[in-house]
Amino acid sequence: MRRCTGRCSLVFICALQVVTAVERQIFDFLGYQWAPILANFLHILMLILGLFGALQYRPRYLTAYAVWMVLWVSWNVFLVCFYLEVGGLSKDSDTLTFHASIHRSWWRENGPGCRVTPAEPPPGRATAGLAYISVPGCLLQYQHLEVIHSSTQLLIALVGFVYACYVISVFTEEEDSFDFIGGFDPYPTTYQVPQKPAHMQLQPMYTTK
């Protein structure tokens with residue numbers, strides 16, 4: 001019963017994570033944010049591994065999934081700090097694009113209520129190949145939307161880590177108890193192979209001199 005409850009809950013959490021990861025990957029692709037795109041791709045692979053481990057009773061796969069959840073939580077904490085500009089980080093830097101492009105979050109120009117209008121470039125900035133825009137009227141700023149996405153991923157990952165540890169412990173306990181009763185012994189000590197009855201009874205032989 002414990003195995004079924006924990007395993008079913010973990011499968012549901014992994015499936016939910018896959019849906020949210022795919023949704024996030026789509027919007028990161030639209031914003032050409034290469035670092036999140038790579039992280040999301042690895043995340044989806046590890047979620048598939050976790051699903052397989054939960055469905056096929058593979059504690060090693062679940063251990064790898066649990067370790068990845070720790071790394072995933074750390075990555076999303078970094079994203080929250082990045083968009084809130086904590087610790088000297090700047091949300092306007094090109095860190096998430098590997099400095100290969102000037103693209104930003106897709107929500108920057110497409111958030112709820114946002115209206116994109118041309119704007120004058122800052123003094124002393126080159127305008128070759130670049131278009132300066134203003135995005136007024138947003139009901140929710142793009143950095144807050146990104147923080148909501150990261151916080152959601154963070155919370156689900158914490159729940160997934162807890163359930164993965166629980167399922168691993170249940171699997172381990174059941175394997176230990178099964179081995180204790182002799183489940184892995186090819187011939188338990190209490191089992192005796194019955195001997196076949198002899199079909200021929202030896203009779204004494206008498207010889208005459």
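Buried means under 20% relative accessible area, exposed means over 50%, and partly exposed lies in between (1.4 Å probe, protein chains only). This is a predicted model, in which local features need pLDDT of at least 70 and side-chain atom pairs count only at pLDDT 80 or more, while totals for chains, interfaces and linings use all residues. Residues are numbered from 1 along each chain as its sequence is written, and side-chain values use heavy atoms, with hydrogens and water left out.

**View 1. The whole protein chain.**
The protein chain holds 5 helices and 2 strands. Helices (H or I, at least four residues) and strands (E, at least two) are DSSP runs, numbered from the N terminus. Read from that end, the order is α-α-α-α-β-β-α. The chain has 209 residues, and 32% of them count as buried. Contact means heavy atoms within 4.5 Å. Take the contacts between residues at least 6 apart in sequence: 65% of them join residues at least 24 apart. The accessible surface is about 13900 Å², and carbon and sulfur atoms own 66% of that. Accessible areas come from the Shrake-Rupley method with a 1.4 Å probe; for residues, only the protein chains shown count as cover.

**View 2. The largest nonpolar core.**
A nonpolar core is a set of buried Ala, Val, Leu, Ile, Met, Phe, Trp, Tyr and Cys residues joined through side-chain atoms within 4.5 Å. The largest one has 23 residues. Which members touch the most other members? They are Leu10, Leu62, Tyr65 and Met69. Helices α1 (2–30), α2 (34–55), α3 (59–83) and α5 each give this core at least two residues. A second, separate core has 11 residues, including Phe27, Tyr83, Trp107 and Leu145.

**View 3. Around Leu10.**
Set aside the neighbours of Leu10 within four places in sequence. Leu10 is then in contact with Ala54, Leu62 and Tyr65, and also with Gly160, Tyr163, Ala164 and Val167.

Gln153 sits in helix α5. Is Gln153 buried or exposed? Its relative accessibility is 3%, so Gln153 counts as buried. Residues up to four places away in sequence are not counted here. Beyond them, Gln153 touches Thr20, Ala21, Arg24, His43, Trp72 and Asn76.

**View 4. The disulfide.**
A disulfide is a pair of cysteine sulfur atoms within 2.5 Å. By this rule there is 1 disulfide. The bond joins Cys114 to Cys138, with 1.8 Å from S to S. Cys114 lies in the loop between α4 (107–110) and β1 (117–118), and Cys138 lies in the loop between β2 (133–134) and α5 (142–180). The pair links distant parts of the chain, 24 residues apart. The torsion about the S-S bond of Cys114 and Cys138 is about 125°, so the disulfide is right-handed. Both Cys114 and Cys138 are buried. Elsewhere, Cys8 is partly exposed at 42% relative accessibility, and Cys81 is partly exposed at 25%.

**View 5. A nonpolar patch on the surface.**
Patches are made of residues with over 30% relative accessible area and no salt bridge; like charges are joined within 9 Å, and nonpolar side chains (Val, Leu, Ile, Met, Phe, Trp, Tyr) within 5 Å. This nonpolar patch is formed by Phe29, Tyr32, Trp34, Leu38, Phe41, Leu42, Leu45, Ile48 and Phe98. Together they have about 880 Å² of accessible area. Which helix gives the most to the patch? Helix α2 does, with 6 residues. Leu38 lies in α2. At 47% relative accessibility, Leu38 is partly exposed.

**View 6. The salt bridges.**
Side chains of opposite charge can pair when their charged atoms come close. A salt bridge is a side-chain nitrogen of Lys or Arg within 4 Å of a carboxyl oxygen of Asp or Glu. How many salt bridges does the structure hold? There are 3.

- Glu85 meets Lys91 at 3.3 Å, N to O. Glu85 is partly exposed at 35% relative accessible area, whereas Lys91 is buried at 17%.
- Asp92 pairs with Arg108, with the closest N and O atoms 3.3 Å apart. Arg108 lies in helix α4 and Asp92 in the loop between α3 and α4, so the pair ties together parts 16 residues apart in sequence. Arg108 is partly exposed at 28%, and Asp92 is partly exposed at 38%.
- Asp94 pairs with Arg104, with the closest N and O atoms 2.7 Å apart. Asp94 and Arg104 each lie in the loop between α3 and α4, so this pair ties together parts 10 residues apart in sequence. Arg104 is partly exposed, with a relative accessible area of 22%.
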